[in-house]
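Dear colleague,

Please find the structure below, followed by some notes on what turned up in it.

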Amino acid sequence: MMKAALILAASALALAACKPEVKAPETSGVCYHAVPRVNGTITFNPLSAHEDTMEACAGALEGMRQRFLGMGGNVHSIMGSYNGQYLFLDPSGVYESQSYSGARFPFLVPTGDGRLAAPGAVQQ
C-alpha cells in the first residue's frame, strides 16, 4: 500500500513538471507571425489570410523579416506558423517543426540571389 502511494505521488510530481506544448493554429490558409512571451505562451498574429501553401507563408514571413531589418531592426530570427506547423526563419533559411520545442527540419534555404528554394534544388 505504501509503495503504491509513493509511486502515485512520484507520478503526480512528474506530470506537474511537464509544461503543456503550445499548439500552432490550424486555420486553413492563414499565415501567422508567432511571438513567444516570457510567461511561456505564444501570441499568434495573422500576417496573411490568403496563403495557398506553406512556401508562400514562409515567403511572406521572410519579406516581413527583411522589411524590419531594412527599417533598422536588429531581430534576425523570427517565428511563424501555417496550418498547425511552426516555421522558424533566420539568415540561414527556413526550418519547420510540428511543435515549438520539437526537432526542426530544413524547409527552404537562401539561393544567393535573395530567393528561397527547397534544400538541394539549387546547385552551387
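C57 is buried, at a relative accessible area of 0%, where buried stands for under 20%, exposed for over 50% and partly exposed for what lies in between (1.4 Å probe, protein chains only). C31 is likewise buried, with 0% relative accessibility. This is a predicted model, in which local features need pLDDT of at least 70 and side-chain atom pairs count only at pLDDT 80 or more, while totals for chains, interfaces and linings use all residues. Residues are numbered from 1 along each chain as its sequence is written, and side-chain values use heavy atoms, with hydrogens and water left out.

C31 and C57 are joined by a disulfide with an S to S distance of 2.0 Å, the criterion being a pair of cysteine sulfur atoms within 2.5 Å. The torsion about their S-S bond is about 70°, so the disulfide is right-handed.

Turning to the rings, the count comes to four aromatic pairs, a pair being rings of Phe, Tyr or Trp (its six-membered ring) with centres within 6.5 Å, called stacked if the planes are under 30 degrees apart, edge-to-face if over 60 and tilted otherwise. One of them is F44 with Y86, whose centres are 6.2 Å apart and whose planes meet at 50°, so this pair is tilted. F44 is buried at 18% relative accessibility, and Y86 is buried at 0%. Y86 also forms a tilted pair with Y100, at 6.2 Å centre to centre and 55° between the planes; Y100 is partly exposed, at 32%. Y32, F44, Y86, F88 and Y100 make up one aromatic cluster.

Best regards
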